[in-house]
Amino acid sequence: MSIVARSSSGLVLTEQEVRAIVREELEAALRRDPAARRACIIASKGTLDFAYPPLILGAAAAAAGMEAAVFFTFYGLNIIHRDFRRRLKVSPVANPAMPMPVPMADTFSGLPLMKGLATTMMRAKFRKKGVATIAELLDVCRQSDVRLIACALTMEVFGYRERDFVDGVEFGGAGAFMSEARRSHVTLFI
Amino acid sequence: MDARTADRVLDCRGLLCPMPVVRIGREIEDMEPGEVVKVMATDRGSIADVPAWAADTGNEVLDWHEETDHVVFYVRRGAPAS
């Protein structure tokens with residue numbers, strides 16, 4: 001075993017001992033790493049189906065003792081709009097994965113009433129299965145201190161005002177997101 | 001570990017992800033370290049979610065088993081995080 005280091009007090013350390021010290025220090029630093037307890041999620045879609053994942057994951061992160069933030073950008077702003085119940089819809093158009101009660105040609109599924117029908121069916125199915133509603137998930141997130149942040153640029157482009165959103169929403173941009181994200185091990189784009 | 005040794009009972013039957021861990025988290029916050037809550041859940045995902053949540057939050061799943069139509073967990077509150 002070769003001698004590789006000498007401590008300030010003159011103590012001589014072997015390679016094996018140096019490795020053990022480094023490993024111990026690294027493990028201690030990782031245990032303390034605050035980024036392991038932070039999650040940062042972008043919600044970019046404004047349909048009923050895609051309103052669920054960011055809120056479910058934000059609530060799960062908070063339940064696991066993490067600090068979680070969800071940034072709502074572009075169509076994702078629908079999720080935190082005061083009128084989210086009416087705005088969040090799901091459409092069978094351009095979504096071949098959507099389960100339909102009967103096989104349906106695209107020209108048919110694109111008819112005006114189909115979006116409303118598909119939305120009603122999804123809500124009914126979710127309710128029957130016991131999935132929390134978007135309103136309930138928003139409440140859980142706010143009660144468990146998940147930060148809900150609206151993208152200021154999208155608000156400007158689409159003409160939203162701060163009072164258009166549910167209570168407790170904060171406002172920020174890419175800089176605010178990056179500042180959060182660089183300190184979070186969990187970052188998701190939904 | 002059975003119902004007689006649990007300090008409280010939490011019924012999460014009928015709830016889906018993420019509500020079981022959200023509810024357990026709230027219940028645990030209200031408990032003393034060392035106290036045990038018996039949790040009943042019908043969400044199949046909770047079999048993976050509850051132990052993972054416990055490991056992340058310093059709590060412990062002492063035992064779990066399946067009944068005919070639901071899953072039962074015994075979760076003990078750990079020492080508060082320092």
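This is a predicted model: local features need pLDDT of at least 70, side-chain atom pairs count only at pLDDT 80 or more; totals for chains, interfaces and linings use all residues.
The sulfur of B:Cys17 lies 12 Å from the closest cysteine sulfur, in A:Cys141, and that is too far for a bond.

**Cysteines**

A disulfide is a covalent bond between the sulfur atoms of two cysteines. Over all chains, the rule counts 0 disulfides. A:Cys141 is in none, and the cysteine sulfur nearest to A:Cys141 is that of B:Cys17, 12 Å away. The cut-off for a disulfide is 2.5 Å between the sulfur atoms. A:Cys141 is buried, because its relative accessibility is 0% and the limit for buried is under 20%. B:Cys17 has 33% relative accessibility, so B:Cys17 counts as partly exposed.

**Backbone exceptions**

Most residues other than glycine have a negative phi, and most peptide bonds are trans. The peptide bond between B:Cys17 and B:Pro18 is cis, with omega at about 5°. B:Pro18 sits in the loop between β1 (8-12) and α1 of chain B.

Chain A has positive phi values to inspect. A:Phe74 has phi near 45°, positive although the residue is not glycine. A:Phe74 belongs to the loop between β4 and α3 of chain A. With a relative accessible area of 39%, A:Phe74 is partly exposed. A:Ala94 also has a positive phi without being glycine, near 60°. A:Ala94 is in the loop between α3 and α4 (106-109) of chain A. Its relative accessible area is 80%, so A:Ala94 is exposed.

**A buried threonine**

A:Thr73 is in the loop between β4 (67-72) and α3 (84-87) of chain A. A:Phe74 lies in that loop between β4 and α3. A:Thr73 is buried, because its relative accessible area is 15%, under the 20% limit. Which residues does A:Thr73 touch, not counting residues up to four places away in sequence? They are A:Ile42, A:Ala43, A:Ser44, A:Cys151 and A:Thr154. With A:Thr154 there is also a polar contact: the side chains of A:Thr73 and A:Thr154 are joined at 3.4 Å.

The accessibility values for the residues discussed so far are set out below.

| Residue | Relative accessibility | Class |
|---|---|---|
| A:Cys141 | 0% | buried |
| A:Thr73 | 15% | buried |
| B:Cys17 | 33% | partly exposed |
| A:Phe74 | 39% | partly exposed |
| A:Ala94 | 80% | exposed |

**The interface of chain B and chain A**

The size of an interface is often given as the accessible area lost when the parts come together. Chain B and chain A bury about 920 Å² between them, and 67% of that is on carbon and sulfur atoms. In residues, 12 from chain B are in contact with 14 from chain A. How many salt bridges does the rule find across the interface of chain B and chain A? The count is 0. Polar contact is found for 2 residue pairs across the interface, both at pLDDT 80 or more.

On the side of chain B that touches chain A, the elements giving two or more residues are α1 (19-29) and α2 (46-57) of chain B. The largest share, 4 residues, comes from α1(B). By type, the residues on this side of chain B are 8 nonpolar, 2 polar and 2 charged.

Note on methods. Residues are numbered from 1 along each chain as its sequence is written. Chains are lettered from A and ligands numbered from 1 in the order in which they are written. Side-chain values use heavy atoms; hydrogens and water are left out. Contact means heavy atoms within 4.5 Å. Buried area is the accessible area (1.4 Å probe) that two parts lose on being put together, summed over both. A salt bridge is a side-chain nitrogen of Lys or Arg within 4 Å of a carboxyl oxygen of Asp or Glu. A polar contact is a pair of N or O atoms within 3.5 Å; within protein, one must be able to donate a hydrogen and the other to accept it, and residues adjacent in sequence count only if both atoms are side-chain atoms. Ala, Val, Leu, Ile, Met, Phe, Trp, Tyr, Cys and Pro count as nonpolar, Asp, Glu, Lys and Arg as charged, and the others, Gly among them, as polar. Buried means under 20% relative accessible area, exposed over 50%, partly exposed in between (1.4 Å probe, protein chains only).
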